[in-house]
Amino acid sequence: MTTSCTVVDDDAVPVEAPPAPRWWRRPVSWTWVGTGLVLVLFAELAWRRRWMSDDGLLVLRTVRQVLAGNGPVFNVGERVEANTSPLWTAILSLLGLIPGVTLEWVSVLTGLVFSLGGLLFGLDGARRLYRPAGFGLLVPAGALVVCALPPFRDFATSGLETGLITWWLGGSWWSLVRRAAAEPGARSWPIALVLGLGPLIRPDLALFSVVAFAALVVLVRPGWRPALGLLAVAGALPLAYQVFRMGYYGLLTPNTALAKEAAAANWARGWAYFADLAGPYQLWTPVALLVLAAVLTLWWVPVGRAFAVLTLLPLAGACLLGLYVIRVGGDFMHGRMLLPALFCALLPVLALPLTRRTAVVLAGVGVWAFVAAGWLRPPYVGLHQATNVTDERDFWSYATGRANPVLASDYAGYPGLPATLAAVRATTGPAVLVKDYRTQTWQAHPTDRPYLTVATDSMGALSLLVPLDVRLHDGYGLASPLAAHSAAIPDGRPGHQKWLPGDWELADSSPVDASSDVRAALACPRLEEIIGSVREPLTFGRFRANLTGSFARGSVRFPRDAEQARFCR
């Protein structure tokens, strides 16, 4: 019979650990065996689904510009932050220096490694959480949910920052669990530094950074001066980058936040996005079983303050992250934006003690995971349609004709892209290429700018297949400073709520062929200031003007209709 404490805590009391099944002679070793098996399983499942999304290829355009010495921009000569995650961009830029490996594979492999690292951190954090109570064998019950859900497997690669988010969430929680069990006086500033990275991974992750820092303060209970010191450490890097963002790009947020109207509320669409993830997989089943298993585990075991804090932290973080995604109306990629919230909620139950009380319940989680992994899918999987919410991997795998599209060249046969590439190659001098969507042909217009500009739509693969000195402006506004500030289309597709017609690109770069209404609209001082903030040389005066003007610049919107857009007259 083993006697130990619930947590290493002033409030801890001796408790008798529930008996483990007798057939496990070395429960701790078997716990690591289970951890290893679930990591291998997830790695295998994610590797089978390896791919690069079109948006992931967009990220690599900025990485290419950085490696070429042009700075963190999408187009040469325009300071536009087209990537939502500056830390992910920085990591890929550093790893992109490795010779002989394409950026696409660097992104895919790095995302997979980060995803596995985050899952490992979470599993070991759960083991450490329950260890002080004397529990022996833990099984990776909650981790089976991660393995079973296709979105977790798909976005472990994809070229987006999801793997980095998983690593940071798991690592942050793991570091707090270790700190709770550490000796008094152990260093807390490295943990504060890690917790502060949230806004550099995605701006909305600042919500988790706040609650995690509060948990650190409650666990450590420093005086107010040390607490302020920890706050300074946590905020130093995000604050420094925010000053850089405001002065360099001229905005408070990434340009993508304007393009997707991340500050607007659309609760109805957000709840539909939530249901799109929870419904097809019957997600309430494993959630109920995991909660029941946790209750059966802890019902007879007194828990201390540290255990309560470490359990409530990920739940609070999950609620905040999930509610934010629901508030802004979700996303067009099935499940993607809700994965951080779901992973957060699963952290305390990624691994749970196997006892006589919990064995049947945990077996139920395994049965659900087997059924969900093999058969449960959203109704639109296999239809290969770009609807409001889409299985993005399924769509691009079908559209490219490749089971695992990774390289930009794998996308070269996507309908419409060959004609675009042909038009770019056929244009030998400066011009503006605008597509006539009625005839599906490209029209070259003269320009007074010394470069080629392409007014395009989906441009992830295109951005890697054309030279870096070709400017790409998308009507969606991800890389176009004008389109990003245009008015959103009511009830537009999530992530594609804006579309600026090619007339605006002509007026911006080819005044000969532009309409007078668009030219007049572009002469508006507010739009001239927006263009100047990204195109004028970055002098000290321009940096200062960008910095001070960033507070108001992000709120500027103009109508897509050129006649209505002459609001400055």
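Guide: Helices (H or I, at least four residues) and strands (E, at least two) are DSSP runs, numbered from the N terminus. This is a predicted model, in which local features need pLDDT of at least 70 and side-chain atom pairs count only at pLDDT 80 or more, while totals for chains, interfaces and linings use all residues. Residues are numbered from 1 along each chain as its sequence is written, and side-chain values use heavy atoms, with hydrogens and water left out.

Arg336 lies in the loop that links helix H15 (305-327) to helix H16 (339-346). Beyond its neighbours within four places in sequence, Arg336 has contacts (heavy atoms within 4.5 Å) with Phe155, Leu160, Glu161, Thr162, Arg202, Tyr273 and Asp331.

Four strands form an open sheet in the order S6-S5-S7-S8, with mixed pairing, where a pair needs at least two DSSP bridges. S6 (441-445) and S8 (471-474) are the edge strands, each pairing on one side only. On average, neighbouring strands of this sheet are turned by 25° against each other, direction ignored. Helix H19 (residues 417-426) packs on the sheet and touches S5, S6 and S7, and its direction makes about 25° with that of S6 (axes are lines fitted to C-alpha atoms, for helices over the stretch in contact; angles run from 0 to 180 degrees between N-to-C directions).

Within the sheet, S5 (residues 431-436) and S7 (residues 452-456) run parallel and are joined by four bridges. Ala431 has Leu452 of S7 as its bridge partner, and Leu433 stands opposite Val454 of S7. S7 also pairs with S8 in the parallel sense, again over four bridges; here Val454 is partnered by Leu472 in S8.

S7 is mostly covered, with five of its five residues buried. Leu452, Val454 and Thr456 point one way from the strand, whereas Thr453 and Ala455 point the other way.

From S7 the chain continues through helix H20 (residues 460-465) to S8, and the three make a right-handed β-α-β unit: with the strands pointing away from the viewer, the path from the first strand over the helix to the second runs clockwise.

Key
Buried < 20%, exposed > 50% of the residue type's maximum accessible area, 1.4 Å probe, protein only.
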